[in-house]
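Q: Could you walk me through the helices and the core packing of this model?

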Amino acid sequence: MKINCITVDDEPLALEKMKAYIEKVDYLNLLSSFDNGIDAMSYLKENQVDLLFLDIQMDDFTGIQLLESLKVRPKVILTTAYDQYALKGYELEVSDYLLKPISFSRFLKAAEKVYASLEKEAGHIAKDIVINPDGQEKEFIFVKSDYKLQKVRFDDILYIEGMKDYLRIVTPAKRLMVLQNFKKMEDILPDEKFIRVHKSYIIAINKIESIGKKSLVIADQHIPIGESYKKQFFDFLEENSLL
């Protein structure tokens, strides 16, 4: 299992040190580094990150402010020269709290803690997806997102986007990030309502607004149609008298 991470610190030497530490750990993959919280916040909103190494004391926008601004947080390891934020870190449910100067052994211990936590969560994926058990046709599922199980009705789903080990379930009202793989989700979704049109997209058939040669539109979102999925997609439409 690879853990995709970013580092945020306004000290260049601290960023270099964290980069060197991360490169020594084979399961850590450094996506990017930031010297301010604003840029890091923008990145986190657009990209899937598993682990955030975060300094607290930064000018203009502190690490605490960054965490409080995120609706969906990755695992967080705080890195700071000040110990008075330990309680606040506990309140924000961070994975660990590293005091500078940080030794590699202490860094590794924190990384191992996160790895164990993510591995445990991945091992319980099947328990995080709950379907109605009475044998009747399923109308909804519960998915684990943002530390709780949330109900998602099949009729509300517009499309599902794959993002490495995560899925983004998009409905008119919300977007949910779920630790899940495509194959498992494909097996759960009703075949007559959903179809995979790309390696990274499953779409709700009745939500399609228009279809082009290489893409389709759902809720003003242009979704690509992959070459390897094109024939299956158009065959399905013809077989169901939708063309």
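Q: Before that, what should I know about the model and the numbering?

A: This is a predicted model, in which local features need pLDDT of at least 70 and side-chain atom pairs count only at pLDDT 80 or more, while totals for chains, interfaces and linings use all residues. Residues are numbered from 1 along each chain as its sequence is written, and side-chain values use heavy atoms, with hydrogens and water left out.

Q: Ok, which residues of α1 are buried?

A: Ala14, Leu15, Met18, Tyr21 and Ile22 are buried in α1, where buried means under 20% relative accessible area and exposed over 50%, with partly exposed in between (1.4 Å probe, protein chains only). Seen down the axis of α1, these residues fall within an arc of 125 degrees, so they line one face of the helix; the arc is that of the directions from the helix axis to the C-beta atoms.

Q: And which ones are exposed on the other side of α1?

A: Those are Pro12, Leu13, Glu16 and Glu23.

Q: Moving on to α2, what do its buried residues pack against?

A: The buried residues of α2 (residues 37-46) are Gly37, Ala40, Met41, Tyr43 and Leu44. They cover an arc of only 165 degrees around the axis, which puts them on the same side of α2. Their packing partners are β1 (3-8), β2 (28-34), β3 (51-55) and α3 (63-69), with helices (H or I, at least four residues) and strands (E, at least two) taken as DSSP runs numbered from the N terminus.

Q: Which element gives the most to the largest nonpolar core?

A: That core has 22 residues, and Leu52, Leu54 and Leu66 are among those with the most contacts inside it. α2 gives the most to this core, with 4 residues. A nonpolar core here is a set of buried Ala, Val, Leu, Ile, Met, Phe, Trp, Tyr and Cys residues joined through side-chain atoms within 4.5 Å.

Q: What does Leu54 touch?

A: Not counting residues up to four places away in sequence, Leu54 touches Val8, Gly63, Leu66, Leu67, Val76, Ile77, Leu78 and Thr79, contact being heavy atoms within 4.5 Å.
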